[in-house]
Amino acid sequence: MTHLTHDSCAHCGHHHELRVEDLQVCYRELNALQDVSFATSCGACVALIGPNGAGKSTLLKAIAGLLPIAAGRIWWRGTKVAKWSREIAYLPQRENVDWQFPITVRGVVRMGRYPQAGWWRPFSRADEAAIERAIGLMGLTELAERQISQLSGGQQQRVFLARALAQEAHVLLLDEPFTGLDRNSKAALATTLRNLTEEGRLVIASHHDMATVRDIYDEVLLLKRRAIAFGPVAGVFTEAGLVATFGALPAAGKEVA
Amino acid sequence: MIHWLLEPFQHPFNQRAIVAALLIGFTNGYASAFVVLKKSALKVGSLSHALLPGIAVAILVAGLNDWSVFLGSLIAALLIGLGSLAVSRGSRLDQDSALAILYTAAFSGGIILLRRIGVAQEMEGWLFGNIMGLRDGDLWSNFWISCGALGVLTALHRPLLMTLFDAEVAATLGVPVRALNYLLLAVLIVVLISSLQAVGCMLALGLLVTPAATVYLLTDSTNAMFWGGSLLGGLAAAFAVLAGWWLNIEQGPAIVLVLGVGFLLAFLFSPKYGLLRRVPAPGW
């Protein structure tokens with residue numbers, strides 16, 4: 001199976017590296033995360049695995065530039081991530097989105113183009129083309145004029161992915177993308193994430209379903225307020241690693257809450 | 001009959017009132033989409049009550065004129081809004097409770113003060129509006145306020161809409177979410193002040209919520225919510241002024257009542273989201 005090459009990576013011979021060094025993030029006086037270090041690059045699909053309150057969402061938000069960093073650094077392509085970057089897209093948990101908002105699928109995808117178009121400039125032909133391409137790639141052409149509450153969970157997830165594609169992001173940060181999806185939607189979303197990865201993007205997602213980790217991801221970061229282990233799935237997603245993260249072995253095939 | 005219908009158009013004060021109603025209704029209707037999408041109707045309602053003590057202090061300090069009332073009420077609403085933020089940050093109390101305490105206390109102070117400085121007869125106008133008492137100068141200041149508010153809201157439409165839809169996603173796309181939230185609240189306060197003379201500070205909230213809320217039950221389009229809300233607000237307010245003249249009822253409450261009836265109709269009969277919409281028959 002051949003994939004479209006991710007345009008922004010195609011003309012660069014080298015990989016794009018995301019490097020997190022000794023990251024510490026605090027909520028008020030509490031340490032939400034500390035001693036988190038790992039490095040990965042475009043073309044990888046990374047799972048964040050850990051118990052509730054382990055700091056998975058916090059880490060995603062920190063990389064997206066949503067939270068102030070107490071200590072440590074995040075580097076993307078050799079520059080420090082201090083605030084937002086157009087190249088990094090953040091996809092919120094589905095339950096945190098106001099699905100009753102009067103906006104269509106196309107309307108959400110258009111938002112991905114605002115960084116390019118700015119606050120006032122009308123969309124250029126290139127903007128419109130990027131929007132249509134993103135909608136097409138995510139298989140939403142037929143649904144483009146639907147209000148977003150009239151979609152299935154899997155379709156809603158794809159709307160936000162299309163927004164990230166319109167934004168031309170290299171790094172996709174997804175907060176529990178598989179939660180609440182039915183079996184077919186899960187399989188379809190897994191395929192989509194694999195495709196996006198193989199086109200050269202970096203996908204990082206928090207994940208709860210232990211049974212599917214091996215099928216979807218290349219690398220795993222075990223997280224429990226600090227990084228327990230990071231590396232290729234085969235080396236890190238082991239019984240010993242999971243016991244160290246969860247305290248006990250989570251039953252395979254069950255969603256770990 | 002025709003004479004009765006046309007009579008309101010013959011008096012200058014009535015013509016002014018109709019133009020003012022169109023203008024104020026349009027601006028409030030447009031801004032009401034932001035209030036509904038932000039789900040902050042009660043906060044805005046608290047701030048509308050906070051205008052009254054500002055008016056009282058302004059009259060006491062600078063006498064009654066357009067600018068003293070505008071600045072006084074603006075400062076009072078800002079002080080109470082920011083004050084509630086300071087109280088909630090500096091104590092364990094939540095912001096809604098802090099806001100409720102501050103605005104009711106200030107409102108009470110405003111009522112006592114207004115009675116003492118000898119403008120008690122105008123009290124009802126400040127509370128419930130007196131659109132027939134508008135002068136040409138009031139019309140102009142309303143016009144400029146409306147232009148300013150509509151200009152700011154239209155210019156910042158894209159980032160504001162993103163902030164309202166999902167503040168976190170907006171922030172990852174470079175939108176200064178916090179600054180925009182403060183700016184939006186400031187613009188909403190200014191819009192509230194513009195409707196003071198039409199509906200007073202007790203009823204201002206109705207004009208700044210109902211139009212877009214009604215359209216929200218009829219459509220899924222964001223643009224329809226903004227422009228439909230504006231049209232509904234303007235036309236309903238103008239119609240209410242006329243109806244008030246024909247039926248000899250107070251115009252301020254009439255405006256809010258007409259909007260309320262419109263909302264009830266949408267709530268019951270909206271083809272898509274109405275209570276009495278045709279529920280598809282179960283398949284068998």
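Helices α9 and α11 of chain B are roughly perpendicular to each other (an angle of 65 to 115 degrees), because their axes cross at roughly 105°. These axes, lines fitted to C-alpha atoms over the stretch in contact with angles from 0 to 180 degrees between N-to-C directions, come within 10 Å. The model is predicted: local features need pLDDT of at least 70 and side-chain atom pairs pLDDT 80 or more, whereas totals for chains, interfaces and linings use all residues. Residues are numbered from 1 along each chain as its sequence is written, with chains lettered from A and ligands numbered from 1 in the order written.

**Helix pair**
- B:P159, B:L160 and B:T163 of α9(B) meet B:V177, B:L180, B:N181 and B:L184 of α11(B), contact being C-beta atoms, placed from the backbone, within 7 Å.
- This contact comprises five nonpolar, two polar and no charged residues (nonpolar: Ala, Val, Leu, Ile, Met, Phe, Trp, Tyr, Cys, Pro; charged: Asp, Glu, Lys, Arg; polar: the others, Gly among them).

**Chain B overall**
- Chain B has 15 helices and zero strands, which are DSSP runs (H or I, at least four residues; E, at least two) numbered from the N terminus.
- Buried residues (20 or more other C-beta atoms, placed from the backbone, within 10 Å of their own) make up 45% of the 284 residues in chain B.

Definitions and conventions:
Buried ≥ 20, exposed ≤ 12 C-beta atoms within 10 Å, placed from the backbone. Parallel < 35°, antiparallel > 145°, perpendicular 65-115°, else oblique. Contact = placed C-beta atoms within 7 Å.
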